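Dear colleague,

I am passing on the structure below for your own work, and after it I set out what was found. Please read the notes alongside the coordinates.

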Amino acid sequence: MSGVAGSAKVMAVRIFGSDNGSQRTVREGITVIVEGFNFVIQQKRRGVKLRVASNSWSSVTKSAALDDALRILEEEGVLLVFSAGNDAVSNDENWSTVVSDDYANVIVVAATDQIDVRPNFSNWGQSGVDLAAPGVNVPTLRTNRSYIT
């Protein structure tokens, strides 16, 4: 399997544990997200060529600390890509994510299936989603170098 950016380097920054944040209070969740973003900012300022931060989480309550981190990432030129969410709702009407049109460096991505149709679980919206990309049965590598979908 080959990707479109074969020479790209990836830096994994895990912000949630194996519970994916579900066992945390809202305050604890925001704290670990801000800590993760602060790590990215720190690495960028140390000279690491960080251009994109992919965020598979999407729902969290706004906070001043999180807004500060997002603003700094925008100033540092880091593109932030977020999941639109998998709640089967319109993000235009039920926007529960921290990101919005407040930041020019944010892209919100919904899912499509093998025939480019939005699956029933994916969130949607004209202003709450920027684009859609494959999100169903996408092959990926496991740690033992085998493929799964």
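Two strands are taken to pair if DSSP finds at least two bridges between them. Please keep in mind throughout that this is a predicted model.

The sheet comes first. An open sheet of four strands has the order β1-β2-β3-β4, and its pairing is parallel. At the edges stand β1 and β4 (131-134), each with a single partner strand, so one side of each is left without a neighbour in the sheet. From one strand to the next, the twist averages 30°.

As for the individual pairings, strand β1 (residues 52-55) runs parallel to β2 and is joined to β2 by four bridges; among the residue pairs, Val52 has Leu79 in β2 as its bridge partner, and Ala53 has Leu80, likewise in β2.

The remaining point concerns Glu93, which is found in the loop between β2 (79-83) and β3 (106-112). Is Glu93 buried or exposed? Its relative accessible area is 69%, and because the cut-off for exposed is over 50%, Glu93 counts as exposed. The C-alpha atoms of Glu93 and Ser127 are separated by 9.8 Å, while the two residues are 34 residues apart along the chain.

Notes. Residues numbered from 1 in each chain as written. Predicted model: local features only at pLDDT ≥ 70, side-chain atom pairs only at ≥ 80, totals over all residues. Heavy atoms only, no water. Helix = DSSP H or I, 4+ residues; strand = E, 2+ residues; numbered from the N terminus. Buried < 20%, exposed > 50% of the residue type's maximum accessible area, 1.4 Å probe, protein only. Axes fitted to C-alpha atoms, helices over the stretch in contact; angles between N-to-C directions.
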